[in-house]
Amino acid sequence: MERRATIKDVAEAAGVGVATVSRVLSGGSASAATRERVLAVAAQLDYRPSALGRNLRQRRTGGMGLLVPDLTDTFYGQLSEGVLACARSAGEPVVIGSTGGDPEQEAELIGMLLEQSVDRLIAVPSGDADTWSPVLRAGMTVVFADRLPLQSSPEDVRAAAVADLMALDGLSAAAPARPLDIPAVVADDRAGIRTAVRYLRGLGHKRIAFLGGPGQESRVNAFREAVGAPVDEELVVFGTGSRDSAYAAASGLFQSRPDLSAVVAGGNVLGEAAVLAARELDLRVPRDVSLVMYDDVPWAELCSPPLTVIAQPGRDMGYRAAELVLRAGTRKPRSVVLPTELIIRGSCGPHR
C-alpha cells in the first residue's frame, strides 16, 4: 500500500520547516510566495492533515456538533447538508443530534457534546437563553441557524422580535438587552412574510390566516405587522411541532373560520398539514382557499396545484453557519441574514 504523505514530506519538498507548513495549512501568517509554494506541494503530494493528531495536540476531540429539531424535516435536511459540505471541505467530522424540539432533550445533547469535548456547535435552538448560557461558560463556540433562542419572558420575546424586524429596515428601537451574544445565520423572515401578504392582498384577500409552529416568533410578528392593526387573533393559530398537532391546528382553523380566504403556513410541515386538512374538508385550492407555504421543498411542486412558497436557502444557511463556527477562532463572526424569494405557482388565486 502506498505510504500516505506526512507534513514532514510537504516541508521537505517545499524547502520550509514543519511549523511553516502547519501555519500555512491552518490559515496562519506567511508570505504570499511561501503560502503558494506550500499549498502547491501539499496538493501535489495529496497531503491530508491528520485530524486525530491535530486534536490530540489541542486536547479536544475535534469536529463540530449539529443540533436540529427534526432530521426528517426536509428543510433541516437541507440545512444539515450545507453544514456537512462545509465541514467536509475543512476536514472536520460532525456529530448530529435531533432534539425533537424539546428543550430538555436539547440540554441533554448539549451535555453529551461537552463531555465529548466537542468545542464547536451549530444549533437550531429549541430552549431559551437560560439553556444556552452554560454552554458559553463552558467555552464552546456556538452559531445559531434558522432562529434564535426564546428570551426569558413572553414580553422579552415580543420586544426583541420587534427590534429585530425594525433593524432589518435600518430602524432602531428600544429592546431588552440580549443575555446571549451569539452569531446566527437566519433568513429574512420579515421580507418573505411581508411579500407573501402583499401578494395575497393584491389578489383581493382580506381575511388571511397564519398557521405557525415552535420557534416561529419572528415570522408571526412579521405577519402581524404585514396585515396591520387591528389583527384578528383568531386567524393566528399554532401547532406544537408534530405533524398530528399541525394537522389539528389547520383543520380547526378551517372549521372555526370558514370566512378566511387565504393561509400563510409558517413551515413545510404546517403547509403539508394545511393541504391535507383542506382536502379532508373538501376545500378546493385555490378556488376556496389560497395557500402560501414558508419553505420550498421538492413535494411542493408535486401538489395539485403546485404550492406558492417563500423559499429560503436551507443548504446555504447550513454552509454559512459552518463557515462562521470554523472562523470563530480567528475573529468574532457577525450574524448573517439571507434573502428569501416568493415563488408563485398555482395555489393562490383571486378572492371570489
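Me: Which residues of helix 13 are buried?

Reply: A residue is called buried when its relative accessible area is under 20%, exposed when it is over 50%, and partly exposed in between (1.4 Å probe, protein chains only). In helix 13 the buried residues are G314, M317, G318, A321, A322, L324 and V325. Seen down the axis of helix 13, these buried residues fall within an arc of 160°, so they line one face of the helix. The arc is taken from the directions that run from the helix axis to the C-beta atoms. As background, an α-helix has 3.6 residues a turn, so residues three or four places apart point the same way.

Me: Where do the numbers come from?

Reply: This is a predicted model, in which local features need pLDDT of at least 70 and side-chain atom pairs count only at pLDDT 80 or more, while totals for chains, interfaces and linings use all residues. Residues are numbered from 1 along each chain as its sequence is written, and side-chain values use heavy atoms, with hydrogens and water left out.

Me: How many helices and strands are there in the chain?

Reply: Helices (H or I, at least four residues) and strands (E, at least two) are DSSP runs, numbered from the N terminus. The chain has 13 helices and twelve strands. Of its 352 residues, 46% are buried.

Me: What do the buried residues of helix 13 pack against?

Reply: Contact means heavy atoms within 4.5 Å. The buried residues of helix 13 pack against strand 1 (64-68), helix 5 (74-90), strand 3 (120-123), strand 4 (141-145), strand 5 (184-187) and strand 11 (336-338).

Me: In which sense, parallel or antiparallel, do strand 1 and strand 3 pair?

Reply: Two strands pair if DSSP finds at least two bridges between them. Strand 1 and strand 3 pair in the parallel sense over three bridges, and I122 in strand 3 is the bridge partner of L66. Strand 3 and strand 4 also pair in the parallel sense, over four bridges; here A123 has F144 of strand 4 as its bridge partner.

Me: Which residues point each way from strand 3?

Reply: R120 and I122 point one way, L121 and A123 point the other way, and all are buried.

Me: What is the handedness of the unit made by strand 3, helix 7 and strand 4?

Reply: A crossover is right-handed if, with the strands pointing away from the viewer, the path from the first strand over the helix to the second runs clockwise. Strand 3, helix 7 (residues 129-137) and strand 4 make a right-handed β-α-β unit.

Me: How should I read helix 3, and which of its residues are buried?

Reply: The expected span of a helix is 1.5 Å times one less than its number of residues. Helix 3 (residues 32-44) has 13 residues and reaches 18 Å from its first C-alpha to its last, close to the 18 Å expected. Its buried residues are T34, V38, V41 and A42. Seen down the axis of helix 3, they fall within an arc of 100°, so they line one face of the helix. On the other side of helix 3, A32, A33, E36, A43 and Q44 are exposed. The buried residues of helix 3 pack against helix 1 (7-14) and helix 2 (18-25).

Me: Where is T340, and what does its side chain reach?

Reply: T340 sits in the loop between strand 11 and strand 12 (341-343). The side chain of T340 reaches the backbone nitrogen of G192 at 3.4 Å. Leaving aside neighbours within four places in sequence, the residues in contact with T340 include Y294, I310 and Q312.

Notes: Polar contact = N/O pair within 3.5 Å; in protein donor to acceptor, adjacent residues only side chain to side chain.
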